[in-house]
Structure formats: C-alpha cells, structure tokens
Amino acid sequence: MQELQWSSLFAINVVLDGIALVIIAVLLVRIIPMKQNLTEIRMFYGMCVMNILLAVIDAVKFLQFILFANNNTVSEAYVMICIPVGEILSMMIVVQWLLFVNFSLHQSRDLIRRRYPVILIPFFAAVILQLGSIVLVIAGFISKRSETLFEGDILYFLSALILLFYIAVAIVIVHREKKRKRLPRFVAIVPMAICVLFGYLLDLFTNFSLLPLFLAAGLISVEYSIMKQSSYEDYKTGYFNRKYVRKIMDYIEHNEIKGGTVIRFSTESDASSFAKILHRMEPDNNKTIFMGDGLFLVVSETQSEAVINRYTSVIIRESERRGLNIKEEHFTRTDEEPEEFFAGIIHGNRDRNGASAEEREKV
Amino acid sequence: MFFQELHESNIHKYKEIVGKDRAEDISRYFFRGIACFDDPDDDSEESLKAAMIWELKSAESDEDTASEITWVYDAEPGSLEAALDEYSKRVRDEDVRRSFFELTDIGNNEKDVLSLSGFNLSSAESRDLRICLKEFGELRALRRKAPNYIYNLGSIDSDQFEQGMIKIMFNQNAAALEDMYYLPKEWFDEKVSCCVMTDGCVNGFLLVHRYPSGLIRPVLFYSVGADSNYNLLDMMRYSVHAALAEYPDDTPVLIRRRTKSVSKLTDKLFPGKKGEAVISGKRIEQEDR
C-alpha cells in the first residue's frame, strides 16, 4: 500500500517535470522568430536548455524509481549523481539569469567580462564541491562502500546559499541602476527571484520535485521582459521605437520630472548609418528614439544650451564627414505637460522656445 | 596710462614677470590679460607698470558669468588702480556679474588697492592642495596595477577623444576647466593622462596637464556608466604609476578642491593636508538682471 503511494508520488513528479518541459517548449516557440535583443535571447535559450536538462534528469530519476523501485545500486548511484548535477544546473540557470539581468540593464559585454570573474567565484567553488560529491558517489559505487554516498545535505544548503547570494546581487544591481539612471526599464527580477526561492524551499520541505517547474514559471517572466523590451525597440537602428515616447511621457508625468531637452534629428540618408554615429556618442542619461522616416528624438535631462549646441554640432559634423545629410532642432521643456511638449515636436509644429506655432499665431 | 591686451603673441615679452605657467594660460579660450604702461611706444618688460590676468567663469553656461582674477602685478603706486578700472570696463563688456580671486603672492600695497576698489578681502585656506607625486605613490589603494582596459591618452585617436568628451560634457560639473571642451588632446599630458574603454567607446577620463614649470594638475576626473566608481580608482592607479615612471618623485601635483566630492576624496587620501594661506576677495560688477 505504501509502495503504491510512493509510486503515485513519483508519477506526480514525472508529470510536474513534464509540465515544466511543455512550458519551456511553448516559450521557445514564441521567442524564436524575434529579431531584436539577440544577445538576451541567446542567454534565454541557455536558461531554457539547462532547465530542460534539469527536468529530464529529474523525470528519469522518478521514472527509474517507479520502474526499478530503487532496489539496486546502479539506480541508487544514479540518484546520487542526479542530485549534484541538478544543483549545478539550477545554479547555472540562476547565474545565467544574473548575466541576463546585467546585460539587459547595461547592454555591455565588457562590463560582464569585468564583473563576472569575481562574482562567479562562489559559483565555481560550489561546482567543484558538487563535482567532488559526484566523484565520491562513483568511488563509493566502485568500492561498494555506500556510507560515502550520503553527504549531500550540506552541499544542498550551500547551493541554496549561493542562489540566494546571486538573487541578492541581481536585486542590488537593479536597485543601483535605478538610482543611477532615471529612465523607464523593462527588467523584472521579482518573479524569477520568487520562483527560484519557492522552487528550492518546496523541493526541500515537500516530497514534490518542483524546482524545474518553478524555474520554468520564472522563465515566463524573463521571456515577458524580452518581449516587452523588444516591442519598444527598432531592430534596425537598435534604438527605441515611437511606442517608447508614450512610455517616456508616462514616466516623466509619474515622477514629476521637470525640464529637459529633446533634440530632433531628421535625415533623408540611411537611418541606420546615422544611428551608428549617435550610438558612439551617446551620453549616459540620454535616450534616443527612432520615430521612423529618418526622424530621431534624443531625450536629455540637460537644459544647457551650450552643451546641446556642442553635442549637436559634433554629431552634424561627424554625419557630414560620412556623407549624411542631417537636420537638427532642439526644444527645451519648461512647465508644459509632457504630452503637449512631445506632440509639438513630433508633428514639427513647435518652435525652439517651447510654444507651438499655432499658439504663437494666436498670440 | 596706456593698456595693452595680453595674448599669445606678446606674452613672451613679459614671461619673467608673468611666469611660465601663467604665460601658457593666456592663450586659452577664457583667459584675458592686460598690461599697463606709461608710454604707448615702449611696451618692454622694464616699463611694465601694472598687469592683471583673469579667467571668465560660466561664460557659456546658463549661470551668470563671473571672472576670477588669477594674477595681479603692481610695479608703481597708482598703476594697479588704473589697471583695475580698465579691468572693470572690460569685464562689464563681457557681461560679467561678479569678480573674485584667491591670491597668494600679493603684498600689502596690492591688498590695499584691491580693498579700495571694492573687493571684500579675507584670509582663507586655499582650495588648491599641493601634493608631492611621491605621496601618491605611497597610497595603499593605488599600489595595485591598473587593469588592461585603462588606456593611455596617447593610444587613442582624436575621434575617440572627442566622442568621450561629448559623453562627459552632459555633466556640467565634471570639468575643472572652463575651456575643457575647447582644448585639443595634445594639451593634456598624453603619457600620464588615461581613459577607460568599454565596448570600444571611451567612458571616462583622467586628464592631466603638465605646466611648463613641471607642475602637474589633474583637470578632468570623470567616468560615466555602470562601475564608474571602480573605473575612477583604476584610472587613478594608472596615472600615478605612469607619472612616477615619467617624472621625479618630488614633482608637485596641484589638486583644486572645487567640489565637495573632490574635497572628500582629498580628505580621505591625504588626511590633515591643508592648502596654503591665501587672500581671497570678491566684488559685484553688475547687479543681477
């Protein structure tokens, strides 16, 4: 009777792993056609592949429990190897997620290269310990001394600590970036963090193996971030698209941001060539939006006429040097509503002093 | 009295009196100078009666323009008063609202004249700190070698230099010099100055100028983007190592404590270090609009 109960439990776990696999398959099918954010998508693929492996290893573990009832040393050794492998995979998913968060925020490969040799030290240390435990399992299997096999608990807690550390790192990175840059963003870290934590806790305190499923649920939020960010991006220029203007307006209104300048660059030449020039000289807190038809809006927090003039003159000179014909105008926001301000700029009926042409005519 | 404007082409005549470093400054964009003579046909160094050099501040920003008097010279009683009158006329023409100075090398006579001309004088500690290069080398935090993404200024081209400057320009407090964005790359000490490169773009600078007297002055220390604080420390390491390799240990380094963050940094690096005693003064040239 008890055996039957255990078999049902194992079967439920296999089903849970199956659900995780289905979720990941759906996520992959949805994201494959995307053309933007390719680096983030590659990172996402990595997370998915590791979660598939985790779910498959987990499912096989429970299947062999059902089939062989855990009564031979080979299956026992398999289970003992599955545990550290699972730990390594789940840590790898969280590390990959941390890389993803970092890249989404800063869009910088160099930054990742510089930060991660230090941040990844705990991860590599834990991997070495887990691999050590696999060696112990194999050694125990060969020497038939099973007492060396049961040392997994400490490693499990160690993995949990490392995962907590990486979640904390992700929260700190996002928080610091939020303080540094006053701009709308798309990276949501809370759902994935909650999924990892609950997956681990439920794995630890219940008989259900829920980590692959919870990680898959967390990946839904990661995919959602990519999709959301991509919907605001123009993949040819690498800049935000016109939909982002609404996002910026809402952000300005919500945070009661005063002032700022919008520079309007228009070109009849190749927009992506001009975008390359802008990319190279993009100041930290500026955001550039490609409105289509060769029109770019650069949103800046500065109101200094001298700074804007110098910036635009260098951009124009650089463009002319490369044979691009660029027209420039800039507009300083005073106390107008963001919607009114942006509408005038986009439709080209606003003069440089902030009043619209119609308004001036009335006066 | 006859007044002659000091500029690049005539400053060599008065180099002995003006000094090598100030003579170099006069060629810069916001620096102005006048020399005062009795005889318009004799503008030799021996017949120089009084002279002044000043720098326009915030001339291109949205703030009111100010003028900082960086040097006064008085050879004959009565001449400096005339030079100050001429100075007032000239700065008003440039829409200067207030004048100020912080001078070390002035005598009682100059002090009296400045006071009589309407300057409120007071004794103060200089905002400039003079630190020996060796003292930088002794700092524990700077002993480590800088990482390989910190590049020598000489190794980047002028396009990359300009791109980096454009990024930094958006923070108006970054530059210590009014004419920072007009100065060519060659004006900075290319052996000691450095920059940080991220994804092929310059993201920060530590620019140092070496005056003809040998004095070293860091004039831009700024980094943008994430990890900018780490980059600043790494650039400092790079420049200190490069300067120690290039110049004698007793080379003076001038740090102007122009913002709270610079003062905080110098207090941390060199606790207890004080600036020289100076006479500071200020005067309103024109009332606010």
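# A look at two chains and their contacts

At 53% relative accessibility, B:Lys89 counts as exposed (exposed is over 50% relative accessible area, buried is under 20%, and partly exposed is in between, using a 1.4 Å probe and protein chains only). This is a predicted model, so to speak, with rules attached: local features need pLDDT of at least 70, side-chain atom pairs count only at pLDDT 80 or more, and totals for chains, interfaces and linings use all residues. Residues are numbered from 1 along each chain as its sequence is written, chains are lettered from A and ligands numbered from 1 in the order in which they are written, and side-chain values use heavy atoms, leaving out hydrogens and water.

**Around B:Lys89 and other charged pairs**

- B:Lys89 forms a salt bridge with B:Glu86, their closest N and O atoms being 3.7 Å apart (a salt bridge is a side-chain nitrogen of Lys or Arg within 4 Å of a carboxyl oxygen of Asp or Glu).
- Both B:Glu86 and B:Lys89 sit in helix 3 of chain B, 3 residues apart, about one turn of the helix; helices (H or I, at least four residues) and strands (E, at least two) are DSSP runs, numbered from the N terminus.
- B:Glu86 is buried, with a relative accessible area of 14%.
- Another pair is B:Lys49 with B:Glu76, where the closest N and O atoms are 3.3 Å apart.
- B:Lys49 belongs to strand 3 of chain B and B:Glu76 to the loop between strand 4 (65-74) and helix 3 (79-93), so this pair ties together parts that are 27 residues apart in sequence.
- B:Lys49 counts as buried at 16% relative accessibility, while B:Glu76 is partly exposed at 30%.
- B:Arg283 and B:Glu285 also form a salt bridge, at 2.9 Å between the closest N and O atoms, and both residues are buried.
- Over all chains, the structure holds 33 salt bridges.
- Side chains of opposite charge can pair when their charged atoms come close.

**Chain A and the nonpolar cores**

- Chain A has 13 helices and 4 strands, and buried residues make up 51% of its 363 residues.
- The largest nonpolar core has 57 residues, and A:Trp97, A:Tyr166 and A:Val222 touch the most other members (a nonpolar core is a set of buried Ala, Val, Leu, Ile, Met, Phe, Trp, Tyr and Cys residues joined through side-chain atoms within 4.5 Å).
- Helix 3 of chain A brings the largest share of this core, 13 residues.
- Leaving aside residues up to four places away in sequence, A:Val222 touches A:Phe44, A:Met47, A:Trp97, A:Phe100 and A:Met192; contact means heavy atoms within 4.5 Å.
- There is a second, separate core of 44 residues, which includes A:Phe296, B:Ala175, B:Leu183 and B:Val224.
- In soluble globular proteins, nonpolar side chains tend to be buried together.

**Where chain B meets chain A**

- 24 residues of chain B are in contact with 31 residues of chain A.
- The two chains bury about 2,300 Å² between them, with 52% of it on carbon and sulfur atoms (buried area is the accessible area, with a 1.4 Å probe, that two parts lose on being put together, summed over both).
- Chain B and chain A share 3 salt bridges; one of the cross-chain pairs is B:Glu162 with A:Arg317, whose closest N and O atoms are 2.4 Å apart.
- Helix 6 of chain B gives the most to the side of chain B that touches chain A, with 6 residues.
- A network of salt bridges links A:Arg280, A:Glu318, A:Arg321, A:Arg322 and B:Asp159.

**The two domains of chain B**

- Chain B is assigned domain 1 (2-126 + 279-284) and domain 2 (130-256); the bounds come from an automatic or database domain assignment.
- The C-alpha centres of these two domains lie 30 Å apart.
- 15 residues of domain 1 contact 14 residues of domain 2, and the area buried between them is about 1,200 Å², of which carbon and sulfur atoms give 46%.
- B:Asp21, B:Glu24 and B:Arg28 supply 46% of the area that domain 1 buries against domain 2, more than any other three residues.
- The count between the two domains is 1 salt bridge.
- B:Arg28 and B:Asp179 meet in a salt bridge through their side chains (2.9 Å, N to O).
- B:Asp25, in helix 2 of chain B, counts as buried at 11% relative accessibility.
- Not counting residues up to four places away in sequence, B:Asp25 touches B:Phe31 and B:Tyr211.
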